[in-house]
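Here are some notes to read alongside the coordinates. Please check each point against the model.

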Amino acid sequence: MSILIILLILSTAIEVCAEKQMKAVDTVPPLQLVELPYEYNALEPVISERTMQLHHGKHLQSYIDRLARYIVNTPYSSMPISQIVVMSDSSVYDQNIFDNAGQILNHNLYFAQFSPRGGGEPQGVLADAIINRWGSFEIFKQAFTQSATDLFGSGWVWLACDEEGQLYIVAEPNAGNPVTYGLTPLLGMDVWEHAYYLDYQNRRNDHIDAIWNIIDWPEIEARYEATGVAENSCQTAIERMWEE
Ligand code: MN
């Protein structure tokens with residue numbers, strides 16, 4: 001097989017994998033307020049009802065309202081949210097679009113990752129991948145917590161995976177999301193003060209410690225599995241091509 005044909009097949013396989021990864025994060029149309037799978041008061045005492053009212057009902061809604069104004073009559077208006085984030089990140093003229101689209105994507109993932117019956121540890125292939133990367137869930141948790149505590153100013157810390165299922169902890173300032181460099185976000189810690197100041201004031205660390213008690217691990221496992229990396233399907237498809 002000629003090297004050109006191999007490269008063509010390989011790039012198509014990678015594109016298919018990237019598309020699969022995007023689908024895992026595009027759960028809601030860009031301008032639709034994500035519906036919560038629980039009541040505003042359901043996450044107390046970790047997150048208060050008042051914080052949820054403001055965070056979901058006001059902060060997220062205002063990102064949506066602003067993005068709606070910025071993308072009307074532009075090519076962005078027909079894109080899924082992850083594509084808006086990736087495209088606007090590469091344009092120096094679209095900082096406003098990137099900031100608001102990034103915050104919409106981030107919060108859609110954030111609010112859907114909690115449950116009043118959450119906590120504990122992940123199971124299955126995600127648990128295996130965490131142990132493979134950090135040695136234990138406890139060491140992963142410490143590393144993630146440290147990263148969120150150390151992040152200067154406003155931003156996000158993510159557990160993300162690449163197309164081979166390898167996991168990373170990524171700290172991003174402001175509205176950053178690892179989709180901009182091809183990773184799939186799985187779990188996001190919002191360290192903007194609006195996420196915790198009413199309930200914890202300056203004690204960001206206490207807030208982060210408490211958050212682990214409401215993480216809905218089956219949801220995070222489902223995001224990991226939705227990328228297709230669980231069965232290593234992308235990786236084996238590519239490997240198979242090299243062997244032919
Ligand atoms: Mn927030």
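Is His 194 buried or exposed? The model is predicted, and in it His 194 has a relative accessibility of 18%. With the cut-off for buried set at under 20%, His 194 therefore counts as buried.

1. Metal site. Four residues coordinate the manganese ion: His 55, His 107 and His 194, each through NE2, and Asp 190 through OD. The distances run from 2.0 to 2.2 Å. Along the sequence, the spacing of these donors is H-x51-H-x82-D-x3-H. Since His 107 belongs to helix α4 and His 194 to the loop between β3 and α7, the pair ties together parts that are 87 residues apart in sequence. His 107 is buried, at 0% relative accessible area.

2. Strand β3. This strand covers residues 184–190, and seven of the seven are buried, so β3 is largely enclosed by the rest of the structure. Its antiparallel pairing with β1 (residues 155–161) extends over six bridges. Asp 190 of β3 is the bridge partner of Trp 156; Asp 190 is also one of the manganese donors.

3. Asn 100. Helix α4, residues 95–111, contains Asn 100. The residue is buried, with 5% relative accessible area. A polar atom of the Asn 100 side chain lies 2.9 Å from the backbone oxygen of Asn 96. Beyond neighbours within four places in sequence, Asn 100 contacts Tyr 63, Arg 66, Leu 67 and Tyr 70.

How values were computed. Residues numbered from 1 in each chain as written. Predicted model: local features only at pLDDT ≥ 70, side-chain atom pairs only at ≥ 80, totals over all residues. Heavy atoms only, no water. Buried < 20%, exposed > 50% of the residue type's maximum accessible area, 1.4 Å probe, protein only. Helix = DSSP H or I, 4+ residues; strand = E, 2+ residues; numbered from the N terminus. Pairing = 2+ DSSP bridges. Polar contact = N/O pair within 3.5 Å; in protein donor to acceptor, adjacent residues only side chain to side chain. Contact = heavy atoms within 4.5 Å. Donors = N, O, S within 2.8 Å, 3.2 Å for Na, K, Ca; no water.
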